Amino acid sequence: MSRSAARPRPGAFLAAAALLAAHGAAAAEPLAAAISVRGGRLVASLDLSSAFPPQSERTFGNGLTNVVALHVTLAAPGEPPAALTGRVIDILFDVWDETYAVTTREPNAPGGVRTVLPDYAALRAFLAYPRDVDLGPASSLPQGSFVVEARVDVNPVSQELLERTREFIANPSATQRPGGSRSVLGAMASFLLREPETGGGVHVFRSRPMAPAEVTGR
Amino acid sequence: MRSRPTAIPAIATAIALAMPAAAQLPAAQLSAAPAAVPARPASAPEDASGAPAPRLYQIEKIEIRGLSHAHESAVRSRLLLTEGDLLDEEKVLLSRLRLLQLGWFSRVETRVERGSARGLVVLVFEVDERNTLLVSDLILGSTPAQPIYGGFGLSQQNFLGRGLGMSGAFVYGGPPSGRPGDPDRFALRATFFAPDLELPHLPRLVAGASALWLRGEEFTCTTPDCSEADHHYGSAPRLRYERIGGEATIGFRPGPFERIMGGYRLEHLHGAFLAGTTAPGKLPDLRAGDSLLAALTGTWELDTRDDFFFPREGLRTVAQITFASHILGGNYEYSRYYLQLETAYALFGKPLRLQLAVGAAQGDAPFFDRFYAADFMYFAIGPALGRALELNFSTDSRYDAFLGMAGIEYAVPLWRGSGFFRRGYLAIGARAVYSSAEPGAGRTTVSKWPFSAECALRLDTPVGFFNASLGYLVDIVL
């Protein structure tokens with residue numbers, strides 16, 4: 001499964017993070033997060049393990065580039081995000097070397113940092129427990145309680161890409177005359193293109209309200 | 001370095017630098033002689049982080065797994081890669097999306113497996129086929145002159161597993177009310193459509209054919225509701241007619257969302273006037289006895305909608321011209337023009353859909369090639385009722401030469417899920433229809449008011465799209 005053509009651009013992080021803030025709250029999973037201050041920067045360590053179950057090895061080990069986009073925000077309840085960031089990770093399993101080549105791009109490393117992980121256990125640890133996610137300057141920490149939210153997109157497919165592959169969505173008979181019949185239960189066929197099930201996944205996580213005192217290293 | 005979709009020019013350069021010998025070999029040659037590929041493909045230079053860049057692989061074999069109905073060659077023809085190509089992830093992704101958008105599969109996954117030698121890979125497409133046999137027509141109706149009639153249609157969107165469309169439908173009304181010994185009225189229609197026809201030395205074509213057998217009646221009373229018959233419709237005068245024929249079309253696709261088609265239509269017609277106990281009114285246009293209708297048709301279709309059931313963007317336009325003449329072998333000399341336009345539910349940024357239709361028929365067009373206004377209304381206040389597969393079960397037989405329709409629909413999405421009723425929305429609409437028998441004749445009062453409205457529950461299911469229409473119920477009552 002390859003979705004790298006839909007890779008989010010680092011420049012789109014802010015917009016995506018803003019979208020995250022507006023994302024519906026219903027589907028959010030609990031998020032275990034630890035926030036600290038290091039070198040004047042807010043950094044987060046997260047537990048996203050439910051987004052990367054052991055069986056996802058089949059997805060990430062398919063020999064094609066898989067993309068994971070992570071967006072994290074920190075906000076006081078009901079307020080716009082005070083801190084936010086994004087991270088895009090390309091994962092490519094080499095079927096001959098049986099290693100995972102991982103490229104991570106962040107705002108402070110837009111060109112990407114490459115690493116090679118020896119097996120899926122190492123890859124899962126890397127994806128499920130991100131460390132040192134830079135949220136911005138420590139001064140952006142809210143005075144009161146705050147919530148950390150994270151959104152994980154696995155292999156997002158862009159609308160633009162769907163458009164490129166879309167042709168006639170229906171194939172009605174060329175000879176069928178316009179203006180058909182109808183009835184109380186008038187059915188029509190050829191509805192074939194619904195939104196295709198592209199197989200990507202979206203996970204939204206939200207932490208419990210946290211107090212500034214829980215931020216270590218201040 | 002492996003092909004990266006977002007930086008193709010750079011990658012092309014990198015490929016050329018990394019493995020010039022392989023890159024210069026034609027794909028067929030590579031396929032025939034995999035030994036020509038380096039046993040361990042050259043790597044791109046290491047990047048600043050010191051990690052090696054991914055390597056470039058050649059596709060030794062493409063496997064499609066999970067097919068039960070769809071023909072493998074039909075699936076392969078949609079892929080953008082062939083065996084012997086270098087593995088291009090963008091083409092893999094686009095191929096996968098193309099397969100998904102065919103509508104034949106509920107799931108398409110891709111993966112790469114080791115080939116027979118280092119540097120070679122097997123590209124695997126794993127698919128789950130979905131149902132492509134759909135209900136196309138489900139008709140149940142009642143009029144004062146016909147207590148009950150009904151019909152059914154099925155459409156196979158992947159006929160023979162080769163992406164061909166095949167559909168059939170029928171409507172049955174039995175003998176006319178009050179005349180049990182008369183022939184049954186029915187309509188049968190069968191259509192075949194090849195959306196992507198490959199012929200040697202020609203661009204890809206589209207082709208279709210349809211057949212129709214219809215036996216019906218049109219009342220010829222002096223009033224639209226045949227009030228002079230006093231509900232004894234068996235004694236009313238009528239035109240009994242029969243149509244047997246078909247149409248063959250062929251065309252091409254100037255763009256991914258367009259079709260231009262030309263067709264030849266030939267029908268054998270038979271019309272007979274049956275006098276009743278009341279005085280006859282105007283007869284619908286049809287030659288008495290046997291006649292032939294021969295016509296050329298030209299159709300342009302544009303469909304950029306993103307979804308057939310609930311489009312949120314795009315446009316559907318159909319323009320059709322019919323030209324019938326003696327020189328084509330028929331007995332009728334007329335032309336017919338029809339234009340239909342329908343937007344997605346996205347007008348003014350709201351879930352609003354605009355619908356427009358205009359039509360004109362000139363010359364001695366038979367009545368069924370004119371415009372029956374009730375076909376274009378949500379409901380008609382009066383005896384007229386929208387036809388079923390072109391069969392008219394109402395007492396109103398007024399067909400017009402000019403038609404204009406404008407409508408707007410507002411949609412309220414209700415749910416989406418994975419059950420039988422996958423999606424549903426409530427459609428609330430209004431339409432105005434104007435039709436006229438001839439220029440300057442004024443509006444034909446097929447409906448007392450030119451306006452009609454709709455409130456319908458539309459359902460998307462695995463077997464078709466259903467429309468539970470309050471407008472149609474009102475139409476039957478009014």
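## One side of a helix

A residue counts as buried if 20 or more other C-beta atoms lie within 10 Å of its own. Keep that in mind as you look at this predicted model, beginning with helix 6 of chain B, which spans residues 470-477.

Which residues of helix 6 of chain B are buried? They are G471(B), Y472(B) and D475(B). These three lie on the same side of helix 6 of chain B, because they cover an arc of only 95 degrees around the axis. An α-helix has 3.6 residues a turn, so residues three or four places apart point the same way. Strand 17 (451-461) and strand 18 (464-469) of chain B are among the elements that cover the buried residues of this helix.

## Two nonpolar cores

Now turn to the largest nonpolar core, which has 52 residues. Within this core, A373(B), A374(B) and M377(B) touch the most other members. Several strands of chain B each supply at least two of its residues, including strand 4 (133-143), strand 9 (238-252) and strand 15 (402-416).

A second, separate core holds 38 residues, with L74(A), V102(A), L135(A) and V148(A) among them.

Back in chain B, what does A374(B) contact, leaving aside its neighbours within four places in sequence? Its partners are A380(B), A384(B), L385(B), G386(B), V446(B) and S447(B).

## How confident is the predictor?

Chain B averages a pLDDT of 84, and 88% of the residues score at least 70. For the complex, the predictor gives an ipTM of 0.72 and a pTM of 0.72.

Take care with residues 1-52 of chain B, where pLDDT stays under 50. The model has 83 contacts beyond four places in sequence for this stretch. Where pLDDT is low, the predicted coordinates should not be read in detail.

Definitions and conventions. Residues numbered from 1 in each chain as written. Chains lettered and ligands numbered in written order. Predicted model: local features only at pLDDT ≥ 70, side-chain atom pairs only at ≥ 80, totals over all residues. Core = buried A, V, L, I, M, F, W, Y, C linked by C-beta atoms within 7 Å. Buried ≥ 20, exposed ≤ 12 C-beta atoms within 10 Å, placed from the backbone. Helix = DSSP H or I, 4+ residues; strand = E, 2+ residues; numbered from the N terminus. Contact = placed C-beta atoms within 7 Å. pLDDT = per-residue confidence, 0-100. Arc of directions from axis to C-beta.
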